[in-house]
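Please look over the sequence and the three-dimensional view before reading on.

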Amino acid sequence: MQSADVAEEGGRSLVFFDLETTGLGQSCDIVQLAAVSGGHSFNLYVVPHSPMQRGATKVTGFRVRRQRLYLHHQRVLTNSLREVLVSFIAFLQMLGRPLVIGHNSRRFDCPLLAQALDKLDLRAEFESAISGCVDTLPLAREILKDHCLQSFRQENLVKELLGMNYKAHDALEDVRALQALYSVLQPTPELVRRHMFTLDTMENKDPVPAVL
DNA sequence: TGCCAGGCCCTCTTTAGGGCCTT
């Protein structure tokens with residue numbers, strides 16, 4: 001972890017997170033979990049139980065051979081899923097019940113994270129470590145509804161709003177780009193509140209009453 | 001060898017279908 005100023009909004013720290021996984025289905029496993037908050041960063045890898053789907057290997061560069069994880073043919077150090085999740089919860093606790101922010105996180109990252117937390121009986125601990133979750137995909141769609149953007153993919157938003165290309169599909173690079181993107185979007189506290197959800201309520205359409 | 005998910009949103013809709021978004 002690195003230390004520096006922590007991004008804040010309404011007195012809450014903001015943590016930007018992203019998962020790389022074995023694919024896109026509900027049965028997929030986490031391969032990489034990365035997060036940033038200001039200058040603090042978190043980045044750990046897991047050897048997945050399920051095989052990497054071809055499309056996932058193509059876009060992420062991850063491969064598994066003989067229970068070892070490789071990224072673009074270079075072996076990476078890994079931890080158990082429990083070690084990764086417990087460390088992530090400790091990272092969140094260090095930041096003082098932050099808001100956890102991801103792109104399309106309500107439909108992709110958070111359900112997979114919840115599934116992993118449930119498997120290891122860590123969901124309650126995670127929930128108590130955060131203030132809530134926010135998905136920047138619907139947030140960006142609402143903020144930029146008059147900008148006639150053709151795509152709200154994170155990679156495209158970063159290109160359009162920040163004028164930069166970056167190494168998409170590396171979780172740490174993705175969260176750094178998302179943090180920069182969020183600072184440009186500048187959502188109001190009211191807008192953030194309306195887009196907040198928790199792991200328990202993410203399947204509901206209704207916003208979660210939140211205190212910012 | 002080839003295929004592989006799923007929920008939201010929009011519209012050429014609502015008795016539906018296709019594109020988007022994540023890996």
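The points below are grouped by topic.

The structure is a predicted model. In it, 23 residues surround DNA strand B, and the largest pocket is lined by 28 residues. The structure also holds six aromatic pairs.

**The surface near DNA strand B**

- Among the 23 residues that surround DNA strand B, the closest are Glu-20, Thr-21, Ser-151, Phe-152 and Gln-154.
- Sugar or phosphate accounts for 61% of the atoms of DNA strand B within 4 Å of the protein, and bases account for the rest.
- At Thr-21, a backbone N or O atom lies 2.9 Å from a sugar or linking oxygen of DNA strand B.
- By class, the residues near DNA strand B comprise seven nonpolar, nine polar and seven charged.

**Gln-154**

- Gln-154, one of the residues closest to DNA strand B, is found in helix H6.
- The relative accessible area of Gln-154 is 11%, so this residue is buried.
- The side chain of Gln-154 is joined to that of Tyr-166 by a polar contact of 3.1 Å.

**The largest pocket**

- The space in the largest pocket amounts to about 680 Å³.
- Of the residues that line this pocket, Asp-18, Leu-24, Phe-108, His-169 and Asp-174 lie nearest its centre.
- Elements that give two or more residues to the lining are E2, H1, helix H6 (154-162) and helix H7 (171-185).
- Strand E2 provides the largest share of the lining, with five residues.
- The lining divides into twelve nonpolar, ten polar and six charged residues.

**Aromatic rings**

- A pair of aromatic rings is described by the distance of the centres and the angle of the planes.
- Phe-42 and Phe-88 form a tilted pair, with 5.4 Å from centre to centre and 45° between the planes.
- Because Phe-42 lies in strand E4 (residues 40-45) and Phe-88 in helix H2 (residues 81-94), this pair ties together parts that are 46 residues apart in sequence.
- Phe-42 and Phe-88 are both buried.
- Phe-42 also pairs with Phe-91: the ring centres are 5.5 Å apart and the planes stand at 40°, so this pair is tilted.
- With Phe-42 in strand E4 and Phe-91 in helix H2, the pair therefore ties together parts that are 49 residues apart in sequence.
- The relative accessible area of Phe-42 is 4%, so this residue is buried.
- Phe-91 has 0% relative accessibility and therefore counts as buried.
- One aromatic cluster is formed by Phe-17, Phe-42, Phe-88, Phe-91 and Phe-126.

**Residues in loops**

- Gly-23 is found in the loop between E2 and strand E3 (30-37).
- With 6% relative accessibility, Gly-23 counts as buried.
- The C-alpha atoms of Gly-23 and Val-59 are separated by 9.9 Å, and these residues are 36 residues apart along the chain.
- Most residues other than glycine have a negative phi.
- Arg-66, a residue other than glycine, has a positive phi near 50°.
- Arg-66 is placed in the loop between strand E5 (62-65) and strand E6 (68-71).
- The relative accessible area of Arg-66 is 83%, so this residue is exposed.
- Asn-104 is not a glycine, yet its phi is positive at about 60°.
- The loop between strand E8 (99-102) and helix H3 (109-119) holds Asn-104.
- Asn-104 has a relative accessible area of 29%, which means that this residue is partly exposed.

Note on methods:
Residues are numbered from 1 along each chain as its sequence is written. Chains are lettered from A and ligands numbered from 1 in the order in which they are written. This is a predicted model: local features need pLDDT of at least 70, side-chain atom pairs count only at pLDDT 80 or more; totals for chains, interfaces and linings use all residues. Side-chain values use heavy atoms; hydrogens and water are left out. A residue is near a molecule or strand if one of its heavy atoms lies within 4 Å of it. A polar contact is a pair of N or O atoms within 3.5 Å; within protein, one must be able to donate a hydrogen and the other to accept it, and residues adjacent in sequence count only if both atoms are side-chain atoms. Ala, Val, Leu, Ile, Met, Phe, Trp, Tyr, Cys and Pro count as nonpolar, Asp, Glu, Lys and Arg as charged, and the others, Gly among them, as polar. On a 1 Å grid over the protein atoms alone, a cavity is a set of points where a 1.4 Å probe fits but cannot get out, and a pocket is an open set with protein on both sides within 12 Å along at least five of seven lines; lining residues have an atom within 4 Å of a point. Grid points are joined across faces, edges and corners, and a volume is the space filled by probe spheres set on the points. Helices (H or I, at least four residues) and strands (E, at least two) are DSSP runs, numbered from the N terminus. Rings of Phe, Tyr and Trp (its six-membered ring) pair if their centres lie within 6.5 Å; planes under 30 degrees apart count as stacked, over 60 as edge-to-face and the rest as tilted. Buried means under 20% relative accessible area, exposed over 50%, partly exposed in between (1.4 Å probe, protein chains only).
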